[in-house]
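Subject: Structure handover

Hello,

Here is the structure you asked for, with the sequence. My notes on what was found in it follow below.

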Amino acid sequence: RCSRDWSSDVCSSDLPAAMIAPVVRVLVLFGVTPTMLTVAGVIGNVLAGVLVAWGHLSWAGGVTLIFSGLDMLDGAVARATGRAAREGALLDSTLDRVSEAAVLGGMAIYAFEMQNRELVVLAFISLVGSLMVSYVRARAEGLGVALTDGLFTRAERVVLVGVALVFGWLRLALWILAVLTTITALQRLYIASYKLRTLRQEPPA
């Protein structure tokens, strides 16, 4: 799905090319770099996490959708400007995890302030599950196995969280996140393990 030079759990190739091409051209025209988009994405999501913690859920949802959307364009801008690089991929993937942790951490703080233990636990499980979905992929690829499969990857998580915050569906969203991120992490672990066993059993060339 993603360029090997600029990869993350989600990248611009997940979006229809015809949809993002005009946006990418405008960004390139104004001299926006992939790193600018990556950094803007994490700053925006940290702000969204703070807004959630303060109880401004609708504002947080809007900020999450806008800045996560910008962050998903970094791959396309990198390729359009010839700036795709491994260090960019590392920075992007790392800051994506920070972005998710910031928003889910804000949810946990908000739930704690509301004295809602159920939501605190769900936010914690969702955070761990989201991180594990990405970690299993990264570890598998470090062992030489390409792994892009997954029921509930970052694009779906971002949309769910953003929309849920806008409309105040916090409990429903956290239940969905907690369940589906756990299932996706286990799914990826199974697929990666199967591929590794297959590679081990293949006769040498």
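In this predicted model, the axes of helix α2 (residues 34-53) and helix α3 (residues 57-71) come within 8 Å of each other and cross at roughly 165°. Since an angle over 145 degrees counts as roughly antiparallel, α2 and α3 are therefore roughly antiparallel to each other. Their crossing is left-handed. On the α2 side, the contact is made by L37, T38, A40, G41, G44, N45, L47, A48, L51 and V52. On the α3 side, the residues are L57, W59, A60, V63, T64, F67, S68, L70 and D71.

Helix α2 also packs against α5 (86-113). The axes of α2 and α5 come within 7 Å and cross at roughly 10°. An angle under 35 degrees counts as roughly parallel, so α2 and α5 are roughly parallel to each other. From α2, the residues that meet α5 are T35, T38, G41, V42, N45, V46, A48, G49, V52 and A53. Their counterparts in α5 are L91, D92, L95, V98, S99, A102, V103, G106, M107, I109 and Y110.

Leaving aside neighbours within four places in sequence, N45 is in contact with T64, F67, S68, S99, A102 and V103.

Within α8, look at T181. Is T181 buried or exposed? T181 has 0% relative accessibility, so T181 counts as buried. Apart from neighbours within four places in sequence, T181 is in contact with I125, S126, G129, S130, V133, F152, R157 and I176. T181 and G150 are 31 residues apart in sequence, and their C-alpha atoms are 9.4 Å apart in space.

- Helix α4 (residues 74-81) has D74, G75, A76, V77 and A78 as its buried residues. G82 comes after α4 and has a positive phi, near 70°.
- Q115 lies in the loop between α5 and α6. Phi of Q115 is near 60°, a positive value in a residue other than glycine. Q115 has a relative accessible area of 72% and is therefore exposed.
- The structure holds one aromatic pair. F167 and W169 form this pair, which is stacked, at 4.9 Å centre to centre and with 20° between the planes. F167 is exposed, with a relative accessible area of 52%, whereas W169 counts as partly exposed at 45% relative accessibility.

For the protein as a whole, the secondary structure comes to eight helices and zero strands. Along the sequence, the pattern reads α-α-α-α-α-α-α-α. The protein has 205 residues, and buried residues make up 44% of them. Of the contacts with a separation of 6 or more, 80% are between residues 24 or more positions apart.

A word on confidence before you use the model. The mean pLDDT of the protein is 86, and 88% of its residues reach 70 or more. Over residues 1-14 the pLDDT is below 50, although this stretch has 58 contacts in the model beyond near neighbours in sequence.

Regards

Definitions and conventions: Residues numbered from 1 in each chain as written. Predicted model: local features only at pLDDT ≥ 70, side-chain atom pairs only at ≥ 80, totals over all residues. Heavy atoms only, no water. Phe/Tyr/Trp six-rings, centres within 6.5 Å; stacked < 30°, edge-to-face > 60°. Buried < 20%, exposed > 50% of the residue type's maximum accessible area, 1.4 Å probe, protein only. pLDDT = per-residue confidence, 0-100. Contact = heavy atoms within 4.5 Å. Axes fitted to C-alpha atoms, helices over the stretch in contact; angles between N-to-C directions. Helix = DSSP H or I, 4+ residues; strand = E, 2+ residues; numbered from the N terminus. Parallel < 35°, antiparallel > 145°, perpendicular 65-115°, else oblique. Left-handed = near helix turned anticlockwise from the far one by under 90°.
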